[in-house]
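Good morning, colleagues. I would like to take you through one structure, and I ask you to keep it in view while I speak.

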Amino acid sequence: MPRPTLGGEGNLVADPLIKPLRPGQGVALALQAHQAIRAILFRGRFQQGEALRMDELCQRLGASRQPIMDALKRLEHEGYLTIIPQVGCRVRVYTRDEVRQYYRLYAATDGLIAELATQRATADQLEQLGEISARIGVLVGTPAPGSREAAQYRRLNRDFHQTLRSFAVSWPIADVAEGMNDRSDFFTVTMHHAIRADRVQRAHFEHEHLLAAMRSGDTAAAHAAMEQHILAVGARLWEDD
């Protein structure tokens with residue numbers, strides 16, 4: 001039996017946010033197509049291994065095959081799709097071992113970010129981060145989050161991590177971590193992973209544990225708390241198996 005998807009199921013026809021590409025707007029059609037298809041993937045419209053049909057993409061985006069193909073090739077290079085010549089294009093499938101290794105690297109990177117942010121964040125900045133965490137905490141009271149709550153949680157969670165990265169004032173590391181956050185979001189929405197109240201609660205607890213370490217100025221504890229949080233995020237992807 002199929003497991004529940006994050007943010008609801010559906011194909012391109014069911015996605016009301018898809019808009020035709022707009023030529024002559026100063027942005028190449030291939031780049032517009034890349035942004036549009038990437039957004040479709042990150043809304044959880046397709047799961048790993050599912051096919052993206054070229055004719056359907058062309059029809060919904062109002063574009064010819066060339067800019068769509070250019071966009072698909074770029075997304076393949078970024079690790080989101082697999083293109084098989086003469087066969088078609090599918091959402092890339094990652095093995096459990098690949099995902100686990102990825103989260104080990106992600107945890108190490110974000111752990112360093114948390115350490116630097118603890119050293120450099122002001123009291124006002126920590127208060128700002130606490131406010132975002134509190135908004136996530138409100139969602140903990142939702143017993144059975146639907147697609148709207150799941151999307152809200154993903155936005156708030158991303159805000160939390162982006163805000164924390166800005167406190168580190170280390171743009172090269174932050175840029176790397178941002179890209180890793182993107183891949184984590186991709187795993188979340190394409191691996192039949194459902195947002196449930198207990199998962200939101202655990203993530204919120206982990207955020208609060210991290211915040212406590214940061215407020216106390218304990219860089220080692222903040223580093224460890226962030227690493228544990230990211231590894232837990234990766235482990236939760238498999239809880240529906």
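This is a predicted model: local features need pLDDT of at least 70, side-chain atom pairs count only at pLDDT 80 or more; totals for chains, interfaces and linings use all residues.

How many residues lie between β2 and β3 in the hairpin that they form? There are three, and glutamine 86 in the turn has a positive phi of about 70°. Residues are numbered from 1 along each chain as its sequence is written, and side-chain values use heavy atoms, with hydrogens and water left out.

Let me stay with the strands. Helices (H or I, at least four residues) and strands (E, at least two) are DSSP runs, numbered from the N terminus. Strand β2, residues 81–84, runs antiparallel to strand β3, residues 88–91, and four bridges join them; strands are said to pair if DSSP finds at least two bridges between them. Within this pairing, leucine 81 stands opposite valine 91. On its other pairing, β3 meets strand β1, residues 51–52, again in the antiparallel sense, over two bridges. There, alanine 51 stands opposite arginine 90 of β3. The covered face of β3 holds Cys89 and Val91, while Gly88 and Arg90 are on the uncovered one.

A pocket is an open set of points on a 1 Å grid over the protein atoms alone, with protein on both sides within 12 Å along at least five of seven lines, whereas a cavity is a set of points where a 1.4 Å probe fits but cannot get out; lining residues have an atom within 4 Å of a point. The second largest pocket has a volume of about 160 Å³, where grid points are joined across faces, edges and corners and a volume is the space filled by probe spheres set on the points. Its lining includes Leu52, Met54, Ile83, Gln86 and Cys89. Two or more lining residues come from each of α3 (65–77), β2 and β3, and α3 gives the most, with three.

Next, leucine 57, which sits in helix α2, residues 54–61. Is leucine 57 buried or exposed? Leucine 57 counts as buried because its relative accessibility is 1%, buried meaning under 20% relative accessible area, exposed over 50% and partly exposed in between, with a 1.4 Å probe and protein chains only. Not counting residues up to four places away in sequence, leucine 57 touches Leu12, Ile37, Leu52, Gly62, Ile68 and Leu72, a contact being heavy atoms within 4.5 Å.

Now to the core. The largest nonpolar core has 58 residues, and Ile37, Ile68, Tyr103, Leu164, Phe187 and Leu210 have the most contacts inside it. Such a core is a set of buried Ala, Val, Leu, Ile, Met, Phe, Trp, Tyr and Cys residues joined through side-chain atoms within 4.5 Å. Helix α4 supplies the largest share of this core, nine residues. Apart from it lies another core, of eight residues, among them Tyr153 and Val200. Tyrosine 103, leaving aside neighbours within four places in sequence, is in contact with Ser184, Phe187, Ile230, Leu231, Val233, Gly234 and Leu237.

About 260 Å³ of space lies in the largest cavity. It is lined by 19 residues, and Tyr153, Asn157, Ser184, Thr188 and Val233 are the closest to its centre. Helices α6 (147–168), α7 (171–190), α8 (197–215) and α9 (219–236) each give two or more residues to this lining.

Two further residues deserve a place in the picture. Glutamate 206 is found in helix α8, and it counts as buried because its relative accessibility is 16%. Leaving aside neighbours within four places in sequence, glutamate 206 is in contact with His229, Ala232 and Arg236.

Alanine 121 lies in the loop between α4 (96–120) and α5 (123–139). With 17% relative accessibility, alanine 121 also counts as buried. It touches Leu126 and Phe167, not counting residues up to four places away in sequence.
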